[in-house]
Amino acid sequence: MRNHVNNPADFSCELVEAGALLRYLQSLAEPEYQRFALGLLPGMPPKRLLGVRLPVLRRLARRIAREGWQTYLNTPIGDTFEEVMLRGMVIGYANIPFAARLLLVESFVPQIDNWSVCDSFCAGLKIAQENPEGVWRFLQRYFEDEREFFARFGIVMLLDYYVDAQHTGAVLAALNRVRAQGQYAKLATAWALAECCAAFPAQTLAALEEQAWDPFVRSKALQKMKESKKIPASVQQQIRLCQKE
């Protein structure tokens, strides 16, 4: 098992064609890590989480992206955490034309049902750096989607790639449009607001004061801002005043 973890070099894309990928992933699993990971994913059925470490999945995804992503992406997968995570990673790593990749992203988002797959998938979508305006237009539908992880996908993409001077006003407006009631969508919105405050405190605090926000989101955002090491003492004083209102 440790040999797999250090170097999954025995993988062959023929495993995908033979439908043996799940058995290969099971061979990479570590029971201790499975128990640890289950503690980070409340509600995840134990039978759906094998216990394969994320760096191992990333190495495997890169190999599939180099050697056989077309076959892999055209092969149905199961619903284990690792199978879904791996699919998202390959979509990010493979050399796929922009429009075709967006179609794959669109088809993948409905498979996201936990924060870990969502956030790892977003981190791998470097196309947002290559074509920021094209991806920004694509993301607009997700900010107002009432489904928890559809909205979280849009928010985390915004957080990962668009907290910059060019997009400040658009980012704050997009966060204010979020209406999803799921906890992980609300927590992502609060997290994004805190990161915006670290980068653009005046605009972010003004938006919190001037616009209507979900009470939980506003409270959690101010809490995260107060706890942030990135925000200077002068701004922290304004945050404390906002908390008292």
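Is the crossing of α11 and α12 left-handed or right-handed? In this predicted model, local features require pLDDT of at least 70 and side-chain atom pairs count only at pLDDT 80 or more, whereas totals for chains, interfaces and linings use all residues. Residues are numbered from 1 along each chain as its sequence is written, and side-chain values use heavy atoms, with hydrogens and water left out.

The crossing of α11 and α12 is left-handed, a term that applies if the near helix is turned anticlockwise from the far one by less than a right angle, with right-handed denoting clockwise. Helix α11 (residues 132-143) packs against helix α12 (residues 148-161) at an angle of about 140°, and their axes lie 8 Å apart; axes are lines fitted to C-alpha atoms over the stretch in contact, and angles run from 0 to 180 degrees between N-to-C directions. The two helices are therefore oblique to each other, given that angles under 35 degrees count as roughly parallel, over 145 as roughly antiparallel, 65 to 115 as roughly perpendicular and the rest as oblique. In α11, Val 135, Trp 136, Phe 138, Leu 139, Tyr 142 and Phe 143 meet residues of α12 that include Phe 150, Phe 153, Gly 154 and Met 157, where contact means heavy atoms within 4.5 Å. The residues of this contact comprise 12 nonpolar, one polar and no charged, with Ala, Val, Leu, Ile, Met, Phe, Trp, Tyr, Cys and Pro counted as nonpolar, Asp, Glu, Lys and Arg as charged, and the others, Gly among them, as polar.

Helix α13 (residues 168-177) and helix α14 (residues 183-199) have axes that come within 10 Å and cross at roughly 160°, which makes α13 roughly antiparallel to α14. The crossing of α13 past α14 is left-handed. Val 171, Leu 172 and Leu 175 of α13 make the contact with Thr 189, Ala 192, Leu 193 and Cys 196 of α14, giving six nonpolar, one polar and no charged residues.

For helix α3 (residues 21-28) and helix α5 (residues 54-67), the axes come within 11 Å and cross at roughly 145°, and α3 passes α5 in a right-handed crossing. Here Tyr 24, Leu 25 and Leu 28 of α3 meet Val 56, Leu 57 and Leu 60 of α5, so that helices, as elsewhere, are DSSP runs (H or I, at least four residues) numbered from the N terminus. The residues of the contact of α3 with α5 divide into six nonpolar, no polar and no charged.
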